[in-house]
Amino acid sequence: MNRQIYLSLCLLAMVGVTACGQKPPIAIAPTPTPTPMLTPTPVAIQPTPPASPPVQSAPVKIPTIQPTTAAPFTPKISALPKALYPLPTPVAIPVTPDPVKTKANSKTEPISKLKPPTDPAQQITPVGIGAAKIGMSFKELKEQVGEGFEFPVKPSFLEGFDAIAVTKAGTVQYYIPYPTGTQFTDTDRIQHLMTDNPNYRTPQGVGPGTPIGQAVSVYGGATLSMSKENESREFINFTQHPNGLAFRPKPAGKRSFAGEYPESNEEYLKTQKYDRRAAIGQITVSCPEDKCEPDR
């Protein structure tokens, strides 16, 4: 009995020694799983476009400019008063006639009624009116016209101007304007002439009293202008305007103007539309700048 117990204990002791004599197991760290390397996403590289060939510019064809015919000489006016000449100085300005307005002004007297004056002493030209010539002295005019003429002074004839009225048998033939505050003596030279006498006409038969429509048949389309700054005086300019002459219209009836102007605040107005009853009222001839002494 005792022996069996003893053997059991020995057996247990041997088992314990064997168990106790073994080395404890070493903890082995697990080998880390290698991180897979990220393959970079391939970047799409745009191919460099081939250089464009230089664009050859088309040669520019330069048109040949034909020489233009020189415009007819238009004399400048020396110290010309606003009252005698329009602003700006009227010259031959080409105006394209408005078909509608031209139709409205188309009723004119027959051209055959326009007759040049038979008496050279009653002709209006760019150099004078009748016997009076631009640049002539007052004494020379008196000698030229002879007896039967009188020369009364008309004070305040126009704003800033007096005038000599050259009269025959009590009828004014034409005027010689000169600056107010001076005297027009025998040695003074004529620089401006003006007439409203219907017996005086241009070589084409146009004169005071000629309907504007008839003058158009000779000198081409008419443009009427009015300057509020120049006391609203009205002037006529034709497409084939005779050099050296200025035309003022005479409105019909109680009308203030011959032209029909648009409503405007502008100081200078012009129109191609006018009253067919209107006529030419006055014609002025003035001295070119290079042929007369300056106004005093």
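Some conventions come first. Residues are numbered from 1 along each chain as its sequence is written, and side-chain values use heavy atoms, with hydrogens and water left out. In this predicted model, local features need pLDDT of at least 70 and side-chain atom pairs count only at pLDDT 80 or more, while totals for chains, interfaces and linings use all residues.

I begin with the sheet. Helices (H or I, at least four residues) and strands (E, at least two) are DSSP runs, numbered from the N terminus. Three strands form an open, antiparallel sheet in the order 1-2-3; two strands pair if DSSP finds at least two bridges between them. Strand 1 (124-125) and strand 3 (132-133) each have a single partner strand, so one side of each lacks a neighbour in the sheet. Two bridges join strand 1 to strand 2 (residues 128-129), and Ile 124 has Ile 129 as its bridge partner in strand 2.

I turn now to helix 4, residues 212-219. Its buried residues (under 20% relative accessible area, 1.4 Å probe, protein chains only) are Ile 212, Gly 213, Gln 214, Ala 215 and Tyr 219. They pack against strands 9, 10, 11 and 13. Just after the helix, Gly 220 takes a positive phi of about 90°.

Finally, the core. A nonpolar core is a set of buried Ala, Val, Leu, Ile, Met, Phe, Trp, Tyr and Cys residues joined through side-chain atoms within 4.5 Å. The largest has 37 residues, and Leu 141, Tyr 174, Ile 176 and Phe 247 have the most contacts inside it. Elements giving it two or more residues include helix 3 (138-145) and helix 4. Beyond four places in sequence, Phe 247 is in contact (heavy atoms within 4.5 Å) with residues including Tyr 219, Phe 235 and Ile 280.

Note on methods:
Buried < 20%, exposed > 50% of the residue type's maximum accessible area, 1.4 Å probe, protein only.
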